[in-house]
Amino acid sequence: MISPISVPRALAVVLAVLSTNAVARPQDRKSLIARDGTEEHELVQPVFQVLPLGSVKPQGWLREQLELSATGLAGNLFNFYRFVKDSQWLGGNSEYSDLHESVPYWFNGLVPLAFSLDDVRLTGQIKAFMDHILDTQQEDGWIGPETTPQTRGLWGRCYIMLGLMQYAQADPSETDRIVNAMHRYVQLVHSMLQNNFTGLVPKEGDVFDGKGWGPARAHETHIPFQWLYQNHPRNNSKLIWDTMNLMIQGSTEFGVDWRNFFVEGTFPEVVYAPRNQSYSPLWAHAVNLAEAVRFPLAIYRTSHDEALKKQTRTALDLVKRYHTSVAGTIIGDESITDNNPSRGAELCTSTELMFSLAWIYQYLGDNDIADWAELTAFNAFPGQIWPDWWSHQYVQQENQPWARNLSEYPQMWDNVGPYGNVFGLEPNYPCCTVNHPQGYPKFLANSFVGTEDGGLAHVLLSPGSVSTNLGNNNNKVAISVDTNYPFGMDLSYSITADAAFNFYVRIPGWANSSSTATGPSSDAGSQLSLENTSLHRFQIPQGQSKVSINLQTTPRVVDRANNTAAVYYGPLLYSLALDFNESTRDPIAYNMGFIDPSSTTARTRDHVVDTTDLWNIAIDPSQIRVVSSGSDAKLADPIWAYGAPPLELRVAATQIDWPIEFDTPTDPPLEPQMKGKPFAARFVPFASAKVHMANLPRVDLGPVDLGA
């Protein structure tokens, strides 16, 4: 529920996808007096407030995708996968890393998936796991199987804390039990950090973090700890606050203070081997970057230093300008290099980036941040997952005419093996296998938010519904949106409310001036009237109402380096459609070894995909036509399968010479040598084309019949 804000203590804030019972209000920034009489500090509040986990439910194609995830890898890892079922967290022996992160990743993603779908089988899994870790919490407060200081690393516990926080929000009957365990844990963490940052900064003899991932991601703990501080302090506020500060001090001690990296002139435009950079290699890791864009803002919440809020915007701009793919993710395989379309982008990167962008948008309110979140959610992320959600890639390429074990070691990649773009169970490091389930559930949970005036806003557009209470808990509101977005441009809302309130819909930056809004008092579409945050406001009366948004746009071309271009329609990236042959095989282990059959199922297959089509083309993007491949009234399921989305493009193109190097297309030719007769090339949504060409050389062609 959403409660009125009369004093700051009443503001229940959660920083992630997770929920609170409050809508953010403007307020004075000052110290507070806790119930025990000690001075407390105030956290900066967001512009948009997330709703309680489970308040937002999926509909349409998004529900079908979440259901596929639930019946696919995500919903079955608990039953068979060695790094979950046989993890040390559950009394087993299987871990792929000394970080012991596999089960924490899984738990963090399965909690929002289970509660979004109200899936009894999945809630049974997370309840069984939660019962186990809380019942076995050690006497000193430690959560997990480790028993010695040398094995106890804090990083793996961050995602346990996130999962527990989400669970407490979604199931109030478990809140007290969870909060009790979190307080015992934070007290222990505080004492560990006071002892020379034990558990965070690795020292000689420690075996929990050989490279410093924990210090590089120290700010991640702020999310659950700030939630605990603001919602359930239990006269423990000072200790929680000091623990958060100690986490940042530890990252600084280790040399990975991201405030020193997100600076013009320091942040790298390109990085080539030999990597002679003066900064920590942890800063160049793409997944670290996807998480680290939250670092300045996490500290801003406690420090109120406006420079850190500004630096958050700078961090996003630097990452986007120099290291973002046409599909919306960060290019890094595993470290950033340049933006050549043969480079890889890790699935964990798009998963974490979606969450970071959704969270940062709630504080900054910049429309392009939400546009970026949608770009990643509708292109990079689903493009790396097989349509049945049983297999995934480790890295995705913008230009990828095949997904197979490359015949030459891929020297165009920094730290990924030749099997990395195969769709499989664990085609490279297993982190993506256990981490990807959080992607769409957290996108859904952040799609509707509370507003500063006590209303609601739909900010990450997708089919869904929300039910919550506004004001003094006296205004029960339910909203359902009927839409095929991003495969259609109409959004129709059915609303019931016990009292009047303001409802906002975010209008994407690519929508043109012909876009219209209808309702609740008028039948004809009227021109959009946008607020400063690119929101269209509807004044919703008591009772039942219907409102709608019709978005208008045209294909747009985004120029890339070396006279190449990418083509978009709405939030979707389009790529050359490539017919293909697919073969499957038993899964290969991430180290290219054998996987015991007990850690697989009949559904866990590695998919090798080879195109049978002409892939080496250049395009004339001045000639594009939008075509419909069928009715968009009922979308195909699964929607991200090849040929399933209803809207396609025809683009003028011609065959060119395009060399191969390391068994992959080289960088796009600077001076394309045209061959044959120009033709109308079929382009389909990028994520539906598991093999694709999306970053293509530009040429000027004479008129081409695009109806052919």
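I started with the largest pocket, which holds about 500 Å³ of space. This is a predicted model, where local features need pLDDT of at least 70 and side-chain atom pairs count only at pLDDT 80 or more, while totals for chains, interfaces and linings use all residues. Residues are numbered from 1 along each chain as its sequence is written, and side-chain values use heavy atoms, leaving out hydrogens and water.

I noted the terms. A pocket is an open set of points on a 1 Å grid over the protein atoms alone where a 1.4 Å probe fits, with protein on both sides within 12 Å along at least five of seven lines; lining residues have an atom within 4 Å of a point. A volume is the space filled by probe spheres set on the points.

I found 23 residues lining the largest pocket, with Lys 211, Trp 213, His 285, Glu 334 and Tyr 429 nearest its centre. By class, I read ten nonpolar, five polar and eight charged residues there.

Next I looked at the second largest pocket, about 370 Å³ in volume. Its lining has 17 residues, divided into seven nonpolar, four polar and six charged. Which helix gives the most to this lining? Helix 15 does, with five residues. (Helices are DSSP runs of H or I, at least four residues, numbered from the N terminus.)

Last, I checked helix 4, residues 102–117. All 16 of its 16 residues are buried, meaning under 20% relative accessible area with a 1.4 Å probe, protein chains only.

Key: Ala, Val, Leu, Ile, Met, Phe, Trp, Tyr, Cys and Pro count as nonpolar, Asp, Glu, Lys and Arg as charged, and the others, Gly among them, as polar. Helices (H or I, at least four residues) and strands (E, at least two) are DSSP runs, numbered from the N terminus. The expected span of a helix is 1.5 Å times one less than its number of residues. Buried means under 20% relative accessible area, exposed over 50%, partly exposed in between (1.4 Å probe, protein chains only).
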